[in-house]
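Hi there,

Here is the structure I promised to pass on. Have a look at it first, and then read my notes below.

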Amino acid sequence: MNKNALISHEKKEENKGSVEFQVLCFTNKIRILTSHLELHKKDYSSQRGLRQILGKRQRLLVYLSKKNRIRYKELISQLKIRELKTR
């Protein structure tokens, strides 16, 4: 995986506590771990870490979709991730 595939967070530098910045960081970590697991299929501790990060990102996205639907839609389109399932 090349560095260009990771999403830059230059404009988000000013507010590292925002939900968007946290989701951006988790998405970059997920992409790195996914490429690692393609090579090392039996790395179970990395699989567990990936599942934990996915859960954290999902909880943040649920929070954002409830608080501000417009920011949520912009974020998922920018990061090119799927929209959450609605129950």
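A salt bridge here is a side-chain nitrogen of Lys or Arg within 4 Å of a carboxyl oxygen of Asp or Glu. Please keep in mind that this is a predicted model. By that rule, the count comes to three salt bridges.

Two of them involve Glu 83. Its side chain meets that of Arg 69 in a salt bridge, at 2.9 Å from N to O. This pair links distant parts of the chain, with Glu 83 in the segment after H3 and Arg 69 in helix H3, 14 residues apart. Glu 83 also forms a salt bridge with Lys 73, again at 2.9 Å from N to O; here the partners are 10 residues apart, and Lys 73 lies in helix H3. Through shared partners, Arg 69, Lys 73 and Glu 83 are joined into one network. As for accessibility, Glu 83 is partly exposed at 37%, Arg 69 is partly exposed at 38%, and Lys 73 is partly exposed at 37%.

The other pair is Glu 20 and Arg 71, whose side chains meet at 2.5 Å, N to O. That bridge connects helix H1 to helix H3 across 51 residues. Glu 20 counts as buried, at 9% relative accessibility, while Arg 71 counts as partly exposed, at 34%.

Now for helix H2, residues 44-67: its 24 residues reach 35 Å from the first C-alpha to the last, close to the 34 Å expected. Its buried residues include Leu 50, Ile 53, Arg 57 and Leu 64. Among the elements that cover the buried residues of H2 are helices H1 and H3.

Best wishes

Note on methods:
Residues numbered from 1 in each chain as written. Predicted model: local features only at pLDDT ≥ 70, side-chain atom pairs only at ≥ 80, totals over all residues. Heavy atoms only, no water. Helix = DSSP H or I, 4+ residues; strand = E, 2+ residues; numbered from the N terminus. Expected span 1.5 Å × (residues − 1). Buried < 20%, exposed > 50% of the residue type's maximum accessible area, 1.4 Å probe, protein only. Contact = heavy atoms within 4.5 Å.
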